[in-house]
Amino acid sequence: MSACPHNFFARQPFGRIWRVVFLWPCIALLCLPKSTPAQSADLIRISSLIQQGKLDEAEQLLHRYLIKLPHSSKANTLLGVVYLRQERFKQAEEALQEVITRAPGLLEPRLDVGDAYLAEGKPDLALAAYSAASKLAPHDVRANLALAKLYLAAGEFAKSIEAAGNIPAQKRTAELLPTLAADYFGLGQPEKASVEIQGILQISEKEPALVPELAEFFLAHKDFKSAQQLLVLAQPKQPITDRLLVDSALTDAGLGQLDEAQKKLESILARTPESVGALVAAGKVATQQLDWPAAAEALSRADKIAPKRPDILYGLASAQLYANQPEAALHNAQELHALEPDDLRSTYLLALALFGLKDWDDAKSYAEQVLAAHPDDREMNLILADIAFNNEHNFPAARKHVDICLRQNPKDPGALYYLGMIQKLGGDVSGATQSLSLSVSGNPNNPDAQAALGSLCLQAGDLACAVGALKQAVLLAPTEAQNHYQLALAYSRSSVPDKAKEELQTYEQMKAQEAKEATGATKGPSSIQVSPMGVVAHP
């Protein structure tokens with residue numbers, strides 16, 4: 001098939017996908033332990049209740065059964081499945097591991113604990129569980145299908161094909177086709193991938209999940225042209241499902257067609273407002289549009305419907321930081337950290353959120369944890385530079401973190417801002433003016449850099465520079481009284497008395513209001529939309 005998509009593989013090698021985005025819905029694979037003639041009537045009834053989704057009733061009966069027979073492997077396995085269906089993952093893992101410890105030769109609990117790890121977003125542990133299951137039953141369909149998909153998600157294409165090959169030919173299902181197609185693409189064998197894609201297209205009308213699954217593989221690797229080609233090829237027979245439309249919208253967004261992507265997602269959400277896939281996609285599209293409040297709103301809705309999903313919480317906390325919602329961002333970063341305490345992404349978000357809330361000590365602690373593993377991280381170095389400069393007055397420490405950032409990017413606006421402030425306090429007015437000029441050139445939306453530059457220009461008598469920078473500072477941070485005072489001075493020295501009088505009146509009114517509302521607390525830094533680091537936080 002000459003139109004077979006394989007653009008991505010001509011461009012770049014695959015890396016490991018840390019979030020398992022190509023795996024089939026985990027719960028759909030939960031197979032209950034097979035009934036045998038010797039199985040008790042009680043357990044047969046409980047199995048039936050689980051199949052019907054009557055999980056609470058099944059759990060109650062299992063607990064009664066286990067009082068009489070606490071070491072029943074079948075009953076404990078069923079209890080693990082109930083916990084898994086209820087998304088009580090830790091309890092599921094504990095119940096199933098207990099069975100495995102007592103009866104290491106049983107297959108079902110190893111498969112079920114693999115499902116539990118997979119549902120909880122622990123692909124490495126899931127891989128180990130399914131591998132152990134495949135050693136007990138080398139040709140088991142469920143174990144090898146899971147292994148094939150996990151190896152694919154990890155970019156280990158040859159191992160994925162090997163696992164698929166362990167499934168007897170007569171037991172292979174259509175579900176394997178997207179995995180094999182993706183594997184062959186990964187190995188740079190588009191001709192073999194074409195054969196699998198032809199099989200997918202021939203049965204796409206009866207198996208509508210296959211095309212989206214392969215499309216999502218391309219999307220995960222940012223190969224939007226291949227995703228687009230696949231969706232176009234599938235159009236004649238492929239049923240239009242919400243999942244397909246979401247993938248189509250994400251493809252449009254990846255190709256820069258953001259308005260079209262937004263329209264598709266709005267149509268899905270108008271019809272199915274609780275579609276988690278559409279809400280997550282809407283959050284991604286809004287992020288590309290830099291519409292942070294819309295991204296936070298979409299992902300917040302997704303989080304309410306599907307709580308405690310790490311991918312949703314990560315996107316949500318990030319959007320809330322940019323939307324200047326540090327309290328909400330901190331809450332979700334803490335939830336994410338509780339779910340994945342060893343994932344430095346949650347530590348990173350905690351540092352940013354706490355920094356935005358002026359909790360300097362905790363922000364510093366988390367930033368140092370990130371830097372212990374990634375010493376060149378820009379945002380964490382700028383957090384420590386800010387705290388060292390503004391709170392600890394430790395200018396050598398601040399300069400150390402600034403220099404780390406400038407070694408990576410000599411034009412970094414945030415690092416140049418702090419460098420300029422350090423130079424200013426050190427008496428290097430010329431160097432400070434140059435650094436601050438470069439900072440506002442790179443990021444004109446930092447009111448603190450504009451104000452500092454305007455103040456220096458005013459001192460040096462460069463009135464055109466002073467007026468321009470201070471006007472911008474007032475525009476960006478209109479509630480900062482000192483900016484109005486400095487601008488009044490600049491206008492006065494520029495012989496613009498009317499504007500000088502207006503700014504001075506504004507300054508006096510603001511100071512009077514501050515005195516009226518004073519509570520004795522030390523005034524904190526200005527609240528701004530974009531910090532020198534590019535993340536809503538402390539200037």
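Predicted model: local features only at pLDDT ≥ 70, side-chain atom pairs only at ≥ 80, totals over all residues.
Local features were taken at pLDDT of at least 70 and side-chain atom pairs at pLDDT 80 or more, while totals for chains, interfaces and linings use all residues. Residues are numbered from 1 along each chain as its sequence is written, and side-chain values use heavy atoms, without hydrogens and water.

The protein has 29 helices and zero strands. Both are DSSP runs, numbered from the N terminus: helices are H or I with at least four residues, strands E with at least two. Of the 539 residues, 50% are buried. Buried means under 20% relative accessible area, with exposed over 50% and partly exposed in between (1.4 Å probe, protein chains only). Among contacts between residues at least 6 apart in sequence, 54% join residues at least 24 apart. A contact requires heavy atoms within 4.5 Å.

Helix 12 spans residues 210-220 and is mostly covered. Of its 11 residues, 10 are buried. Among them are Glu 213 and Glu 216, along with Phe 217 and Phe 218. Just after this helix, Lys 222 adopts a positive phi of about 60 degrees.

Two packed helices are described by the angle between their axes and the distance between the axes. Axes are lines fitted to C-alpha atoms, for helices over the stretch in contact, and angles run from 0 to 180 degrees between N-to-C directions. Angles under 35 degrees count as roughly parallel, over 145 as roughly antiparallel, 65 to 115 as roughly perpendicular and the rest as oblique.

The axes of helix 12 and helix 14 come within 10 Å and cross at roughly 25 degrees. Helix 12 is therefore roughly parallel to helix 14. Their crossing is left-handed; that is, the near helix is turned anticlockwise from the far one by less than a right angle, whereas clockwise would be right-handed. From helix 12, Val 211, Pro 212, Glu 213, Ala 215, Glu 216 and Leu 219 take part. They meet Arg 243, Leu 244, Asp 247, Leu 250 and Thr 251 of helix 14. By class, this contact has six nonpolar, one polar and four charged residues. Ala, Val, Leu, Ile, Met, Phe, Trp, Tyr, Cys and Pro count as nonpolar, Asp, Glu, Lys and Arg as charged, and the others, Gly among them, as polar.

Helix 14 (residues 242-254) also packs with helix 15 (residues 258-271). Here the axes come within 7 Å and cross at roughly 160 degrees, so the two helices are roughly antiparallel. The crossing is left-handed. Contact residues include Leu 245, Val 246 and Ala 249 of helix 14, and Ala 261, Leu 265 and Ile 268 of helix 15. Eight nonpolar, one polar and five charged residues form this contact.

Helix 3 (residues 55-68) and helix 4 (residues 73-85) pack at about 150 degrees, with axes 10 Å apart. This pair is therefore roughly antiparallel. Its crossing is left-handed. Leu 62, Tyr 65 and Leu 66 of helix 3 are among the contact residues, as are Leu 78, Leu 79 and Val 82 of helix 4. The contact comprises 10 nonpolar, two polar and two charged residues.

A search of the whole structure gave one disulfide, defined as a pair of cysteine sulfur atoms within 2.5 Å. Cys 457 is joined to Cys 465, with an S to S distance of 2.0 Å. The torsion about the S-S bond is about 50 degrees, so this disulfide is right-handed. Cys 457 is buried, at 3% relative accessibility. Cys 405 also counts as buried, at 2%.
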